[in-house]
Amino acid sequence: MELTMFYIWLGLAIVFAIGEAITTSIFSIWFAIGAFVALFVSIPFPDAITAQIAVFIIVTAVTLYFTRPILTKKVFKKTPTNLDMLIGSTAEIIEDVTPNKTGRAKVDGLFWKVRSEDTILVGEKCQIVNIEGVSLIVKKQNVKV
């Protein structure tokens, strides 16, 4: 039984590492790390199977807890699109918009459905603050005189 657990943990670490390599999401790397650490525990304590399993579970859980949020921020960044460039730009209202009624606006020659918490009348300018679905979220532009 001395080397049996060593090879089991080695096999699991390899399987989890291969699984991580062939998937597009970060999923099994933590299991590979846990199996790799349990492999090293199996060398001095080959018959302590319960301890090896406990180490596998604890190392997997700890690495998952502390590294997943960091990795998901780095790997799964939101990719900006051409629409994101509209945020911050100015639109001209062509159909009144109120907090209870959607209106329409013209931006760079294109017509958009708009929503706002402000009442904005035809001909007034507004600033695009967000895009939700196919609607622009706008706010009344402050006019300096």
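The cut-offs explain the label: buried means under 20%, and exposed means over 50%. The model is predicted.

Leu-10 sits in helix α1, which covers residues 4–22. In an α-helix, residues three or four places apart point the same way, because each turn takes 3.6 residues.

## Helix α2

Next comes helix α2, with 14 residues, 29–42. From first C-alpha to last, α2 reaches 20 Å. That is close to the 20 Å expected at 1.5 Å a residue.

Several α2 residues are buried: Trp-30, Ala-32, Gly-34, Ala-35, Ala-38, Leu-39, Val-41 and Ser-42. What covers them? The cover includes α1 and α3, the latter being residues 49–75.

## Two nonpolar cores

The largest nonpolar core has 14 residues. Which of them touch the most other members? They are Leu-86, Ile-93, Val-107, Val-114, Ile-128, Leu-136 and Val-138. Five strands each supply at least two residues of this core: β1 (90–95), β2 (103–107), β3 (110–116), β4 (125–132) and β5 (135–140). Strand β4 gives the most, with 3 residues.

Take Leu-86. Leaving aside residues up to four places away in sequence, Leu-86 touches Val-107, Asp-108, Trp-112, Ile-128, Ile-131 and Leu-136.

Another core, of 7 residues, lies apart from the largest one. Met-5, Ala-13, Ala-35 and Phe-56 are among its members. Ala-35 is also one of the buried residues of α2.

Key:
Residues are numbered from 1 along each chain as its sequence is written. This is a predicted model: local features need pLDDT of at least 70, side-chain atom pairs count only at pLDDT 80 or more; totals for chains, interfaces and linings use all residues. Side-chain values use heavy atoms; hydrogens and water are left out. Helices (H or I, at least four residues) and strands (E, at least two) are DSSP runs, numbered from the N terminus. The expected span of a helix is 1.5 Å times one less than its number of residues. Buried means under 20% relative accessible area, exposed over 50%, partly exposed in between (1.4 Å probe, protein chains only). Contact means heavy atoms within 4.5 Å. A nonpolar core is a set of buried Ala, Val, Leu, Ile, Met, Phe, Trp, Tyr and Cys residues joined through side-chain atoms within 4.5 Å.
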